[in-house]
Amino acid sequence: MSPPGILALLSCSLMAAQFREHTIASDLKGGYQVVAADLNQDGKPDLIALASGMKELVWFENPGWQRHVLAANVAQPINLAAWDIDGDGIPEIVLAQEFTVEPKKSAGVISVLRHAGDPREPWTATEIDRLPASHRLRWADIDGSGKKVVINAPLAGANAEPPDYRGRVPLVLYRPGAWKRELITDDLTGVLHGIFIIDWEGNGRDEILSASFEGIHLFKLGANGRWRRTELAKGSPAPWPKSGSSDVAVGRLGRRRFLCAIEPWHANQVAVYIEDGAAWSRHVIENSFVDGHALVAADLDGDGRDEIVAGYRGGGRSVFLYSAEDERGVRWRRQPLDEGGMGAASCAVADLDGDGRPDLACIDSTKLKWYQNLTPR
């Protein structure tokens with residue numbers, strides 16, 4: 001971890017938010033996802049660092065960021081999701097591994113990891129499924145019962161081949177206990193890169209947003225037990241396989257909701273979608289990314305308006321913050337969070353120092369950093 005004396009203070013001239021950068025690890029291999037979760041029941045969010053090129057899944061204990069091994073002998077891990085199933089205060093972790101971008105070569109092993117008493121010691125893993133190209137895992141309360149299920153979104157269909165990835169891709173779920181695969185839909189085609197879980201209607205039930213070659217869609221569980229798909233936006237208008245969306249998140253500007261997306265797949269644009277009646281109008285606020293990948297939305301400066309955090313992994317490797325200049329969210333201003341020093345594959349929002357302000361954590365191929373929010377109150 002970098003000594004406090006050499007930490008960079010990032011002052012925002014365009015926004016009220018201010019951040020101080022801390023390096024937690026710089027020796028990762030293929031860093032891909034960072035997840036904030038309290039793994040030792042001390043009330044402080046810890047950070048799980050998933051790195052696809054490492055044989056160990058590791059986590060860093062807040063506040064000293066001591067490194068611990070969650071699981072050893074993992075192969076090509078790609079995604080995880082944490083949730084406390086049994087109510088003991090420590091989450092169970094569902095992990096997807098043995099992934100490649102060629103579905104025919106991707107076993108898509110899904111396992112459940114549980115602590116064995118001391119979360120600082122390696123956890124036990126139980127395999128529950130194998131679904132080729134399993135790529136995104138998220139917990140969701142789809143029926144308002146408070147009992148969450150795991151959503152699994154493979155990258156593409158089992159027989160799809162790059163670069164077009166033609167074919168249907170399944171979106172599935174697992175219910176804890178039974179852990180039996182249930183199909184939500186196989187209507188989507190091409191690459192399904194991102195999903196986002198949200199209580200879209202504000203009724204205590206989660207819906208699923210998908211970002212794929214076909215654009216952004218909403219999946220809602222109906223009273224009859226069937227899932228209904230609604231297209232919200234087509235994403236990038238370029239021809240397949242440069243069409244659609246890669247990642248999606250939802251933010252708010254006061255009472256107004258907006259969508260933000262990286263488009264197309266692993267590409268150059270950050271787009272904002274504004275609700276206009278029954279339609280969503282598309283506004284490109286960034287077009288200079290190279291291999292765009294990290295995307296979150298959160299109110300970082302406490303003004304009731306969410307900022308967008310987006311990062312890219314290619315040449316220039318940076319993370320930027322975007323703040324709306326107008327009430328509707330048509331115009332946005334960009335501010336560097338980490339310019340040239342973080343090729344972010346994933347970012348997470350959590351109050352890591354317990355001061356009531358949301359902080360950021362980001363991971364790239366070798367580094368895990370957290371950005372301490374020092375915004376004046």
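**Figure 1. The loop of Gln41.** Gln41 lies in the loop between strand 3 and strand 4 (46-51), strands being DSSP runs of E of at least two residues, numbered from the N terminus. The phi of Gln41 is near 60 degrees, a positive value in a residue other than glycine. The model is predicted, so that local features need pLDDT of at least 70 and side-chain atom pairs count only at pLDDT 80 or more, whereas totals for chains, interfaces and linings use all residues. Residues are numbered from 1 along each chain as its sequence is written, and side-chain values use heavy atoms, with hydrogens and water left out.

Figure 2. A pocket is defined on a 1 Å grid over the protein atoms alone, as an open set of points where a 1.4 Å probe fits, with protein on both sides within 12 Å along at least five of seven lines; lining residues have an atom within 4 Å of a point. The volume of the largest pocket is about 1,100 Å³, taken as the space filled by probe spheres set on the points, which are joined across faces, edges and corners. Its lining comprises 35 residues, and Arg138, Phe196, Val296, Cys347 and Ala348 lie nearest the centre. At least two lining residues come from each of strand 3 (31-37), strand 7 (79-83), strand 11 (134-140), strand 15 (192-198), strand 19 (247-253), strand 23 (292-298) and strand 27 (346-350). Strand 3 gives the most, with six residues. The lining of the largest pocket has 26 nonpolar, five polar and four charged residues; Ala, Val, Leu, Ile, Met, Phe, Trp, Tyr, Cys and Pro count as nonpolar, Asp, Glu, Lys and Arg as charged, and the others, Gly among them, as polar.

**Figure 3. The largest nonpolar core around Ile48 and Leu57.** A nonpolar core is a set of buried Ala, Val, Leu, Ile, Met, Phe, Trp, Tyr and Cys residues joined through side-chain atoms within 4.5 Å; buried means under 20% relative accessible area, exposed over 50% and partly exposed in between, with a 1.4 Å probe and protein chains only. The largest such core has 40 residues, and Ile48 and Leu57 have the most contacts inside it. Strand 8 (residues 92-97) supplies the largest share of this core, four residues. Residues up to four places away in sequence being left out, Leu57 touches Ile48, Ala49, Leu50, His68, Val69, Leu70, Ala71, Val74, Leu80, Leu95 and Leu113, a contact being heavy atoms within 4.5 Å.

**Figure 4. The disulfide between Cys347 and Cys362.** With a disulfide taken as a pair of cysteine sulfur atoms within 2.5 Å, the count comes to one. The S to S distance between Cys347 and Cys362 is 2.2 Å. This pair links distant parts of the chain, Cys347 in strand 27 and Cys362 in strand 28 (residues 359-363), 15 residues apart. The disulfide is right-handed because the torsion about its S-S bond is about 105 degrees. Cys347 is buried, with a relative accessible area of 9%, and Cys362 is buried at 0%. Cys260 is likewise buried at 0%, but its sulfur is 12 Å from the closest cysteine sulfur, in Cys347, too far for a bond.

Figure 5. Pro264 is in the loop between strand 20 (256-263) and strand 21 (269-276). His266 is also found in the loop between strand 20 and strand 21. Although not a glycine, His266 has a positive phi of about 55 degrees; His266 is partly exposed, with a relative accessible area of 26%.
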